[in-house]
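Please keep the sequence and the coordinates open while reading.

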Amino acid sequence: MAIDCIFCKIISGDIPAKILSETTHSISFLDAFPLAKGHVLVIPKNHRQKIQDMSKEENADLFSLVHTMLSKVDSIAGATLMAVHNGKDAGQEVPHVHVHLVPRSADDSAGAIHSMFDSDLTLSASELNELYDELKI
Ligand code: 5GP
Ligand code: ZN
């Protein structure tokens, strides 16, 4: 448990939350400041800042709960944004892994992922090859 972490305090019961489900390593609950009706967060019980900081077992448990909750959340509007801000510079405000499940509809104000970025990035063939070599496993 991280002492100053809001989500650790929800897990310990020090901060109230509308908890929807619990598994061995994860919980889901309603977001207190929802972007849409039915905005749900799914988090690991252990304090981990980034997805890759979780063990494979914690990761599998988290995304299994995401899978379960998606069928519920998706029934609200018929489509769902699933998002993780993996690190502070990616827009992560609470430094404890959380998967957002946000009901989406065609007439909401959010767009496609490219609308988040003011970018006209193009990469040369050699830059693409360098990236490929860097990321390939
Ligand atoms: P982030 O900006 O880190 O991706 O998302 C953090 C999320 O946590 C936000 O959607 C915010 O509304 C939610 N949140 C912040 N504080 C609380 C809280 O005390 N309780 C609950 N249930 N959600 C919170
Ligand atoms: Zn935490």
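A salt bridge here is a side-chain nitrogen of Lys or Arg within 4 Å of a carboxyl oxygen of Asp or Glu. The model discussed below is predicted.

Q: Is Glu58 buried or exposed?
A: Buried means under 20% relative accessible area, whereas exposed means over 50%. The relative accessible area of Glu58 is 4%, and therefore this residue is buried.

Q: How many residues apart are Lys45 and Glu22, which form a salt bridge?
A: In this salt bridge the closest N and O atoms are 2.7 Å apart. Lys45 belongs to the loop between strand 3 (40-44) and helix 2 (56-77), while Glu22 belongs to strand 1 (residues 19-22), and the pair thus links distant parts of the chain. Lys45 is partly exposed at a relative accessible area of 24%, and Glu22 is exposed at 57%.

Q: What is the geometry of the site of the zinc ion (ligand 2)?
A: The zinc ion (ligand 2) is coordinated by Cys5 (SG), Cys8 (SG), His47 (ND1) and His96 (ND1), at 2.0 to 2.3 Å. The angles among these four donor atoms run from 106 to 116 degrees, and four donors count as tetrahedral if all angles lie between 85 and 135 degrees. The site is therefore tetrahedral.

Q: Which spacing do the donors of the zinc ion (ligand 2) follow along the chain?
A: Cys5 lies in the segment before helix 1 (6-12) and His96 in the loop between strand 4 (80-83) and strand 5, 91 residues apart. Both Cys5 and His96 are buried. Written along the chain, the donors follow the spacing C-x2-C-x38-H-x48-H.

Q: What accessible area do Leu121, Leu123, Leu128, Leu131 and Leu135 have together?
A: These five leucines form a nonpolar patch on the surface. One of them, Leu123, is placed in the loop between strand 5 (99-103) and helix 3 (125-135), and at 37% relative accessibility Leu123 counts as partly exposed. Together, the accessible area of the patch is about 490 Å².

Technical notes. Residues are numbered from 1 along each chain as its sequence is written. Chains are lettered from A and ligands numbered from 1 in the order in which they are written. This is a predicted model: local features need pLDDT of at least 70, side-chain atom pairs count only at pLDDT 80 or more; totals for chains, interfaces and linings use all residues. Side-chain values use heavy atoms; hydrogens and water are left out. Patches are made of residues with over 30% relative accessible area and no salt bridge: like charges are joined within 9 Å, nonpolar side chains (Val, Leu, Ile, Met, Phe, Trp, Tyr) within 5 Å. Accessible areas come from the Shrake-Rupley method with a 1.4 Å probe; for residues, only the protein chains shown count as cover. Helices (H or I, at least four residues) and strands (E, at least two) are DSSP runs, numbered from the N terminus. Buried means under 20% relative accessible area, exposed over 50%, partly exposed in between (1.4 Å probe, protein chains only). Donors are N, O and S atoms within 2.8 Å of the metal (3.2 Å for Na, K and Ca); water is not among the atoms, so sites may look incomplete. Four donors count as tetrahedral if all angles lie between 85 and 135 degrees; four count as square planar and six as octahedral if opposite donors are over 155 degrees apart and all others between 65 and 115; anything else is irregular.
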